[in-house]
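Here are my notes on the charged pairs and one surface patch. Please read them with the model open.

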Amino acid sequence: MTRPALSRERVLDAAIRVADRGGAEAITMRRVAQELGVEAMSLYHHVPNKDAMLDGVVDAVFTAIELPVAEGDWRTAIRARAESARTVLFRHRWALGLLDSRPTPGSATLRHHDAVLGVLLNAGFTLELAAHAVSLLDSYIGGYVLQEANLPMTTSAEVQDVADGILAALPADELPHLRAMIVDHALRPDYDHTAEFDFGLDLILDGLEARRKADAAA
């Protein structure tokens with residue numbers, strides 16, 4: 001069977017697969033070459049060094065995140081981008097520590113940041129407020145993904161098991177507020193911990209809209 005020709009895209013795809021299994025620290029020329037079934041030296045025709053490979057995978061992650069559209073409601077555009085970023089970053093959690101660490105961002109990375117700023121500026125945000133908004137939104141998305149990735153449960157059955165263990169260890173007449181939160185909130189049949197992302201995002205968007213209006217009226 002003929003192996004597909006090596007290309008920069010194939011090299012970066014392989015690097016992402018390596019990172020998905022072993023984290024960003026697993027990305028080395030040798031491991032990526034092994035993933036592709038080639039000699040490490042052959043990679044240098046497509047990426048000159050490890051730094052270029054890391055720049056490339058960061059750019060690939062930004063390419064996968066939905067690019068916000070400047071036309072229409074800014075909240076709708078920023079919400080769609082936030083939800084897309086959450087999905088992509090949860091799939092590639094190793095990228096969280098890389099996204100803002102590269103000193104030579106690629107074209108997709110720059111285009112993404114420009115598009116987000118464009119949505120906010122076109123909606124009437126001042127440049128200063130737009131910069132604050134981007135920092136706040138990205139911190140929230142990254143922090144939520146990190147928290148979500150480390151939760152000890154994902155299904156309702158797992159939530160029940162974890163809650164039962166905590167409740168069993170709680171002294172009967174102590175920590176009543178924590179007990180109420182677990183019993184009357186987290187263990188409700190309709191409770192979905194993943195919906196917390198939307199709640200927090202709504203608060204952030206509400207606050208940004210209020211600040212945008214205040215700045216416009218000043």
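The points below take the salt bridges and then the patch.

1. This is a predicted model, where local features need pLDDT of at least 70, side-chain atom pairs count only at pLDDT 80 or more, and totals for chains, interfaces and linings use all residues. Residues are numbered from 1 along each chain as its sequence is written, and side-chain values use heavy atoms, without hydrogens and water.

2. The structure holds 13 salt bridges (a side-chain nitrogen of Lys or Arg within 4 Å of a carboxyl oxygen of Asp or Glu). One of them pairs E35 with R17, closest N and O atoms 2.9 Å apart. E35 sits in helix α2 (residues 29-36) and R17 in helix α1 (residues 8-22), so the bridge ties together parts 18 residues apart in sequence. Helices are DSSP runs (H or I, at least four residues), numbered from the N terminus.

3. D138 and R81 also form a salt bridge, at 2.7 Å from N to O. The pair links helix α6 (residues 127-149) to helix α4 (residues 74-91), 57 residues apart. R81 is buried, at 5% relative accessibility (buried is under 20% relative accessible area, exposed over 50%, partly exposed in between; 1.4 Å probe, protein chains only). D138 is partly exposed at 26%.

4. D215 bridges to R211, with closest N and O atoms 3.5 Å apart. Both lie in helix α9 (residues 196-217), four residues apart, so about one helical turn separates them.

5. I166, L175, L178 and M181 make a nonpolar surface patch of about 330 Å² (residues with over 30% relative accessible area and no salt bridge, nonpolar side chains joined within 5 Å; areas by the Shrake-Rupley method with a 1.4 Å probe). L175 lies in the loop between α7 (156-169) and α8 (176-186).

Technical notes:
Patch = residues over 30% accessible without salt bridge, like charges linked within 9 Å, V, L, I, M, F, W, Y side chains within 5 Å. Helix = DSSP H or I, 4+ residues; strand = E, 2+ residues; numbered from the N terminus.
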